[in-house]
Amino acid sequence: MIEGTRTERDSLGTRAVPRDAYWGVHTARALDNFAITGDRIGNYPALITALAAVKQAACRANRDLGLLDTRRADAIDAACDEIRGGALHDQFPIDPVQGGAGTSTNMNANEVIANRALELLGHDRGAYTELDPLDHVNLGQSTNDVYPTAVKLAVVHHIHDLVAALGRLATEFDRKAIEFAEVIKMGRTQLQDAVPMTLGQEFGTFAIMVREDCARLGEGTALLRECNLGGTAIGTGINGHPDYPALACTHLSELTGIAVISAADLIEATQDCGAFVQVSGIVKRVAVKLSKICNDLRLMSSGPTTGLGEISLPPVQAGSSIMPGKVNPVIPEVVNQVAFAAIGNDMTVTMAAEAGQLQLNAFEPIIAYSMLRTTAHLTAAVDALATRCIAGITPHREHLEQGVRRSIGIVTALTPHIGYAESARIAKQALHTGRPVEEIATELGLLSADTVKALLAPHRLAGLARPVTEHGAAHELSR
């Protein structure tokens with residue numbers, strides 16, 4: 001560690017900066033001003049690597065246009081490469097929630113890149129007469145085009161991770177759907193008995209729900225590929241080269257593997273946060289559906305002796321400090337809580353986007369913070385759900401089958417053959433006497449015993465493809 005300080009200057013005056021810091025005076029002031037969350041932008045690697053990629057693309061575009069000499073361009077390029085590789089992320093200490101529309105984040109990146117580039121050129125940190133954070137690293141740029149572009153790239157990266165996690169979760173649901181394909185149970189509507197189904201069908205539905213969200217997220221990320229690079233302050237491109245926007249986007253696409261495109265109107269793109277609103281809404285949809293699934297899992301596993309008791313979730317930790325042997329559905333519970341936070345963060349994104357004024361939205365930092373946290377936390381929660389819960393679920397087969405036999409809901413299968421009124425009469429008798437529907441229907445003589453048995457066969461009730469083989473049933477079933 002290099003002891004002591006160095007003095008740096010900005011438009012407000014001079015400021016002492018730790019000699020060994022790669023950041024400079026602008027970052028130092030941000031550290032003083034924005035002690036808000038206790039978090040730091042360096043804790044979001046996707047954002048830091050995206051910032052470095054934008055700066056690297058800008059550097060290459062400026063070099064190609066003859067605006068930046070090769071010596072400085074090569075040093076800046078190399079510094080950005082190191083940061084994209086994971087280096088110096090500890091040099092991004094400022095709070096993600098900040099005033100200034102992200103200016104402090106942009107300046108932090110400019111200073112770190114400049115000081116590392118100075119080292120590569122053989123100069124001391126802070127020797128800005130040789131290579132300046134603003135004149136060279138930020139050449140042809142503004143926070144107002146750099147920051148939103150970097151945030152979009154970071155969110156795309158996070159969504160790719162979330163989609164991968166959702167894919168793993170869907171695969172676990174698929175495995176359970178196959179494993180439970182023959183496990184008969186009662187379906188429910190309004191928490192009341194409805195008609196039979198299989199546990200496999202229930203878990204197969206979960207897989208479909210999750211995969212639908214993967215598709216929607218993929219559609220949403222396409223909106224984030226449009227950027228306003230080259231628009232500089234408000235989208236008019238002041239102080240920028242006319243060929244810079246297209247060239248910077250080309251370099252950025254090559255660097256990130258994301259097909260970045262320049263917005264049709266840079267003024268509109270600089271002030272409009274609609275893409276964030278839409279993508280955040282899709283992420284909220286993911287959260288809502290995940291929470292619904294976890295609600296179902298908690299209900300299905302409730303008990304173990306006085307609840308639904310349909311399935312057992314894997315016991316991953318003791319559930320109580322006072323009740324021995326109690327095990328709680330802690331993984332679904334944590335997913336629920338992450339989902340609640342995601343829903344709240346979506347409202348934050350909505351309000352921040354609405355609050356923008358005139359040619360710029362000053363509240364993009366809270367949009368970035370909300371979306372990056374939401375997607376990161378959801379990804380972790382989804383992986384925990386897949387590996388710590390779904391993979392270890394076991395069914396209570398006999399209990400489920402007994403529930404089907406006891407339920408009055410199976411009388412629904414008789415309605416096309418004896419009418420609604422007679423079916424309702426059977427249901428009422430079964431409910432009041434506790435006798436099985438099959439027994440009462442046969443006793444009333446409305447259908448033959450073989451036909452009733454065939455109609456109420458569990459696999460038929462669940463919609464599974466099994467032929468009816470009961471003697472004498474074929475004729476009456478065809479009526």
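Predicted model: local features only at pLDDT ≥ 70, side-chain atom pairs only at ≥ 80, totals over all residues.

Residues are numbered from 1 along each chain as its sequence is written, and side-chain values use heavy atoms, with hydrogens and water left out.

**Salt bridges**

- A search of the whole structure finds 27 salt bridges, each a side-chain nitrogen of Lys or Arg within 4 Å of a carboxyl oxygen of Asp or Glu.
- One of them joins the side chains of Arg188 and Glu310, at 2.5 Å from N to O.
- Arg188 sits in strand 3 (residues 184-189) and Glu310 in the loop between helix 10 and strand 7 (311-312), so this pair ties together parts 122 residues apart in sequence. Helices (H or I, at least four residues) and strands (E, at least two) are DSSP runs, numbered from the N terminus.
- Glu310 is buried at 2% relative accessible area, while Arg188 is partly exposed at 34%. Buried means under 20% relative accessible area, exposed over 50%, and partly exposed in between (1.4 Å probe, protein chains only).
- Lys289 and Asp213 also meet through their side chains in a salt bridge (3.2 Å, N to O).

**A buried arginine**

- Arg6 belongs to strand 1 (residues 5-10) and is buried, with a relative accessible area of 7%.
- A polar atom of the Arg6 side chain lies 3.1 Å from the backbone oxygen of Arg19, and one lies 2.8 Å from the backbone oxygen of Ala21.

**Cavities**

- Two cavities of 30 Å³ or more are found in the structure. On a 1 Å grid over the protein atoms alone, a cavity is a set of points where a 1.4 Å probe fits but cannot get out, and lining residues have an atom within 4 Å of a point.
- The largest cavity has a volume of about 60 Å³, a volume being the space filled by probe spheres set on the points.
- Its lining includes Ile41, Tyr147 and Tyr369, and helix 12 (residues 364-388) gives the largest share, four residues.

**Surface patch**

- Val288, Phe340 and Ile343 make up a nonpolar surface patch with about 250 Å² of accessible area together. Such patches join nonpolar side chains (Val, Leu, Ile, Met, Phe, Trp, Tyr) within 5 Å, from residues with over 30% relative accessible area and no salt bridge; the areas come from the Shrake-Rupley method with a 1.4 Å probe.
- Val288 lies in helix 10 (residues 274-300) and is partly exposed at 41% relative accessibility.

Note on methods: Patch = residues over 30% accessible without salt bridge, like charges linked within 9 Å, V, L, I, M, F, W, Y side chains within 5 Å. Polar contact = N/O pair within 3.5 Å; in protein donor to acceptor, adjacent residues only side chain to side chain. 1 Å grid on protein atoms, 1.4 Å probe; cavity = no way out; pocket = protein on both sides within 12 Å on 5 of 7 lines; lining within 4 Å.
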